[in-house]
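Hi,

Have a look and tell me what you think.

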Amino acid sequence: MSQDHRPPHPQCHQAPPVPPPSPGTAERKLLERLISSLERPAAKIERAAVGRFFVGVMAEGRMGLASTLGHLASPQDRPVIEGLAGAELVRAAENLFSSSPLAISLGLASLNAGLVSPDLDRGPNAEEIIADLGRDREVVVVGHFPFTATAREVASRLHLLELRDVPGRTERGEWDRVLAGCDLAAITSTALLTRSMAYFLKQAKRAYKILVGPSTPLSAVLFEEGAEALAGSVVTAPEAVLAGIEADGTFRDLKKLGIRFVYLRPGD
């Protein structure tokens, strides 16, 4: 589908997005630990790409991705974007503490560019993982993923935690209860963008917790914070994916250009 025939962006005719809340104490500590875990903190950013759905940061041969959650760049974001070229990843990752949604996404992409993934074979995708581990179990899915319908078919019960008004979502007042009682929690890593990751990891105490999506940092810190597995991705063709981001590609588009799934557990 050509760009001219795409549906309008959901925020094109709306007020600017409300900034996310400031990170609470637990969330701030988690973000600080993730930034401290950078394996290439001094790597210099060569290029950044901003699209409707994703941002990408390229630094000394490695690229990191992060969702935009639908937030468009505002005039106030231009200096942040323009200032990335030549910046060290550790400094750019500190945008995770920004009040701008787009800058936070750039901070997460910078963090992901500074983490070195292990040399693993291509892993299963999230749908396969959740279908396998969630069979006949009580499952929570945080975020409205395409695999939710499949997970609902195999789980004994499925709870969808999503703030947007989507069919089948669990009411916000029930989140604490269902998280505390579930067997498996598939948590979107965009929770790092909404300052809620520490909450989900803590509240789902007894669950097997998997962090899911292309925004997932491949950092052992997340295991220490309670995650059991990371279902993320690695960019294998950075130039093609950067161009795809700038062309407003969805994840399905970008995956075809050069992304492979990675499934990481402690010890891998």
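The largest cavity has a volume of about 90 Å³, where a cavity is a set of points on a 1 Å grid over the protein atoms alone at which a 1.4 Å probe fits but cannot get out, and the volume is the space filled by probe spheres set on those points. Before going on: this is a predicted model, with local features needing pLDDT of at least 70 and side-chain atom pairs pLDDT 80 or more, while totals for chains, interfaces and linings use all residues. Residues are numbered from 1 along each chain as its sequence is written, and side-chain values use heavy atoms, leaving out hydrogens and water.

Back to the cavity: 13 residues line it, lining meaning an atom within 4 Å of a point. R62, M63, G64, N112 and S233 lie nearest its centre. Strand β3 (62–67) gives the largest share of the lining, four residues, and β8 (229–235) supplies at least two; strands are DSSP E runs of at least two residues, helices H or I runs of at least four.

On to the rings. There are five aromatic pairs (centres within 6.5 Å; planes under 30 degrees apart are stacked, over 60 edge-to-face, the rest tilted). F145 and F147 are stacked, at 4.8 Å and 10°. F147 counts as buried at 5% relative accessibility (buried is under 20%, with a 1.4 Å probe and protein chains only). F251 and F261 sit 6.1 Å apart with planes at 55°, so that pair is tilted. F251 is in helix α11 and F261 in strand β9, so the pair ties together parts ten residues apart in sequence.

Cheers

Definitions and conventions
1 Å grid on protein atoms, 1.4 Å probe; cavity = no way out; pocket = protein on both sides within 12 Å on 5 of 7 lines; lining within 4 Å. Phe/Tyr/Trp six-rings, centres within 6.5 Å; stacked < 30°, edge-to-face > 60°. Buried < 20%, exposed > 50% of the residue type's maximum accessible area, 1.4 Å probe, protein only.
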